[in-house]
Amino acid sequence: MAYSNSIPVKNQTISGELILVGFSYLGELQILLFLVLLVIYVITLLGNLLVILLIKLNASLHSPMYFFLVNLSFLEIFFTSSMAPQLLVHLLVEEKTISLAGCAAQMYVSTIMGLTECCLLAAMAYDRYVAICQPLHYTTIMSGRACAQLAGASWFFGISVEVAQITWIFSLPFCGSPRIHHFICEIPPVLKMACADTSKNEIMVLTVTVVFIMGPFVLIILSYVLIISTVLKVPSAEGRRKAFSTCSSHFMVVTLFYGLALITYLGVKSSSSPESNQMISLMNIIVSPMLNPIIYTLRNKEVKGALRKTVGNTLFPQNWRNQ
């Protein structure tokens, strides 16, 4: 069902529900999209839960890198779950509405998880830097307390910055059309509904992007420059291969996260079609959370070994005890 454009918009104060137009233009194809997204959402949940359980159940994975990976998996679950269930419901109903409070809650969770992930990926890059560039001091530098402080700082910055930003946005008065040409609530379309000067909010959005999104990216790049320069000094090819293999999963996750973010930004900027913007955003939201556990499971020998051990203990407990 396509929503009518006949809603009066002039100076109409928005205080109740918003309309997420979403994929209404797809008509009956929304059912097909629902099925595809439902499968992806289930895979995302099961994949990340599997990673968390494997790390918790296997003492061999109780190290700093996997401590951060548990945090990353929790982030992916909360990030996806802040948007996917509502999107799935909207694909099946005609009235695609969301309350202002619900819109705010969705933005709180999604932005907190997104910004925290940026900081956490930088902490994981630092962990890899210490492991390769300062291996003799690794256990001292990356102690349990240090890991907890790095993870805690990531969560602190994500929560404090985004709570302040989203609260400020929703303190503005909203008027005009309640229609949002998107399937989720995001900062740009919500700011467009404000009937007040939003220049300061836009400056804050830019500041947050530069400091807390690009800032961690710069730290990640610096970490990998130092890692590569150290690895290239290793005399044997086998030694270099092993060193690079310890970073490969994290490097792929970082490339996926920031690569999709860049594609989304450039795609939205270059596209004049709301429909194209939505498809690009959808890829960014569903692809990374689904692929991250796959990357860490399939490309990591320790995780694959832990998976075989856990499955073996579960299905054939007597055989594994005798080994």
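Does serine 154 count as buried or exposed, and at what relative accessibility? In this predicted model, serine 154 has 3% relative accessibility and therefore counts as buried, since buried means under 20% relative accessible area. Serine 154 lies in helix H6 (residues 144-169). Apart from neighbours within four places in sequence, serine 154 is in contact with Thr116, Cys119 and Leu120.

| Core | Size | Residues, among them |
|---|---|---|
| Largest nonpolar core | 64 residues | Leu37, Phe68, Leu72, Leu121, Ile220 and Leu282 |
| Second, separate core | 20 residues | Leu100, Cys103, Met107 and Leu191 |

The residues named for the largest core are those with the most contacts inside it. Helix H4 (residues 100-133) supplies the largest share of that core, twelve residues. Leucine 121 touches Leu72, Ile220, His250, Val253, Val254 and Phe257, when residues up to four places away in sequence are not counted.

The last topic is a helix pair. The axes of helix H1 (residues 29-57) and helix H2 (residues 64-81) come within 9 Å and cross at roughly 155°. Angles over 145 degrees count as roughly antiparallel, and H1 and H2 are therefore roughly antiparallel to each other. Their crossing is left-handed. On the H1 side, the contact is made by Tyr41, Thr44, Leu45, Asn48, Leu49, Val51, Ile52, Ile55 and Lys56. H2 contributes Tyr66, Leu69, Val70, Ser73, Phe74, Glu76, Ile77, Thr80 and Ser81. By class, the contact of H1 with H2 has eleven nonpolar, five polar and two charged residues.

How values were computed
Residues are numbered from 1 along each chain as its sequence is written. This is a predicted model: local features need pLDDT of at least 70, side-chain atom pairs count only at pLDDT 80 or more; totals for chains, interfaces and linings use all residues. Side-chain values use heavy atoms; hydrogens and water are left out. Axes are lines fitted to C-alpha atoms, for helices over the stretch in contact, and angles run from 0 to 180 degrees between N-to-C directions. Helices (H or I, at least four residues) and strands (E, at least two) are DSSP runs, numbered from the N terminus. Angles under 35 degrees count as roughly parallel, over 145 as roughly antiparallel, 65 to 115 as roughly perpendicular and the rest as oblique. A crossing is left-handed if the near helix is turned anticlockwise from the far one by less than a right angle, and right-handed if clockwise. Contact means heavy atoms within 4.5 Å. Ala, Val, Leu, Ile, Met, Phe, Trp, Tyr, Cys and Pro count as nonpolar, Asp, Glu, Lys and Arg as charged, and the others, Gly among them, as polar. A nonpolar core is a set of buried Ala, Val, Leu, Ile, Met, Phe, Trp, Tyr and Cys residues joined through side-chain atoms within 4.5 Å. Buried means under 20% relative accessible area, exposed over 50%, partly exposed in between (1.4 Å probe, protein chains only).
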